[in-house]
Amino acid sequence: MASIFTRIVSGEIPSYKVAEDENYFAFLDINPLAEGHTLVIPKKETDYIFDIGDEEYQGLFLFAKRVAAAMRMVIPCERIGIAVIGLEVRHAHIHLVPLKTIYDIDFRKPKLKLSPGEFAEIAAKISGAMIG
Ligand code: 5GP
């Protein structure tokens, strides 16, 4: 069965899209640790990130780098943190989290509650800052 993220890529499940190219897709985490918390995934479904082939793996991180640069331009933060967990959704993904303090990337903390309008506005801001 297709992962929930594959169903997001196909549009079957809605998401707040931030960026997309032929092979990769970035969208807001629905339970954000911080405003702008974004997930970056390969469209091709692989469970464990270190099982991805070298070329696709490098492409994923280069795509994440571009997304992180856009996030940093429009989200008030010191820098963008990066984490890979994958215990909940078995489709490889990189968490990009805007950081002001180390607590912002503590996955045990209560998640932010944002309205659909707030999610849409954040996604549009990051998307608009993407270069290339
Ligand atoms: P992990 O697998 O790295 O432990 O966590 C998966 C992440 O995906 C969580 O932060 C969770 O909030 C996010 N997530 C799970 N289901 C959905 C969904 O349907 N849409 C979005 N946008 N994010 C999701």
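In which helix does Val74 lie? Val74 lies in helix H2, where helices (H or I, at least four residues) and strands (E, at least two) are DSSP runs numbered from the N terminus. The model is predicted, so that local features need pLDDT of at least 70 and side-chain atom pairs count only at pLDDT 80 or more, while totals for chains, interfaces and linings use all residues. Residues are numbered from 1 along each chain as its sequence is written, and side-chain values use heavy atoms, with hydrogens and water left out.

The buried residues of H2 are Glu56, Gly59, Leu60, Phe63, Ala64, Val67, Ala68, Ala70 and Met71; buried means under 20% relative accessible area, exposed over 50%, and partly exposed in between, with a 1.4 Å probe and protein chains only. What covers these buried residues of H2 includes strands S1, S2, S3 (38–42), S4 (79–83) and S5, together with helix H3.

Ala64, which has its place in H2, counts as buried because its relative accessibility is 3%, and, not counting residues up to four places away in sequence, Ala64 touches Val40, Ile94 and Leu96, contact here meaning heavy atoms within 4.5 Å. Val74, by comparison, is classed as partly exposed because its relative accessible area is 22%. Leaving aside its neighbours within four places in sequence, Val74 is in contact with Lys125, Ile126 and Ala129, whereas the C-alpha atoms of Val74 and Leu99, 25 residues apart along the chain, are separated by 13 Å.

A nonpolar core is a set of buried Ala, Val, Leu, Ile, Met, Phe, Trp, Tyr and Cys residues joined through side-chain atoms within 4.5 Å. The largest such core has 27 residues, of which Val18, Val40, Val67, Leu96 and Ile126 touch the most other members. At least two residues of this core are supplied by each of strand S1 (17–20), strand S2 (24–28), helix H2 (54–74), strand S5 (94–99) and helix H3 (116–128), and the largest share, seven residues, comes from H2. Apart from neighbours within four places in sequence, Val18 is in contact with Ala26, Phe27, Leu28, Thr38, Val67, Ala123, Ile126, Ser127 and Met130. A second, separate core of seven residues includes Phe5, Phe25, Phe27 and Ile41.

Ser127, one of the residues that Val18 contacts, lies in helix H3 and is partly exposed because its relative accessible area is 34%. The C-alpha atoms of Ser127 and Glu22 are separated by 16 Å, although the two residues are 105 residues apart along the chain.

The ligand is the next feature to consider. Of the 16 residues around the ligand, Leu28, Asp29, Gly86, His93 and His95 come nearest, a residue being near a molecule or strand if one of its heavy atoms lies within 4 Å of it. A polar side-chain atom of Asp29 lies 2.5 Å from an oxygen atom of the ligand, an N or O atom in the side chain of His95 is 2.8 Å from a ligand oxygen atom, and a polar backbone atom of Leu87 is 3.4 Å from an oxygen atom of the ligand. Taken alone the ligand exposes 520 Å², and the protein buries 88% of that, with accessible areas coming from the Shrake-Rupley method with a 1.4 Å probe and, for residues, only the protein chains shown counting as cover.

The loops complete the tour. Thr46 is found in the loop between S3 and H2 and is buried because its relative accessible area is 15%; beyond its neighbours within four places in sequence, Thr46 is in contact with Asp51, Ile52, Arg90, His91 and Ala92. Asp106 lies in the loop between S5 and H3 and is likewise buried, because its relative accessible area is 18%, and the side chain of Asp106 reaches the backbone nitrogen of Arg108 at 2.9 Å. Cys77 lies in the loop between H2 and S4 and, leaving aside its neighbours within four places in sequence, is in contact with Pro98, Leu99 and Lys100.

How values were computed
A polar contact is a pair of N or O atoms within 3.5 Å; within protein, one must be able to donate a hydrogen and the other to accept it, and residues adjacent in sequence count only if both atoms are side-chain atoms.
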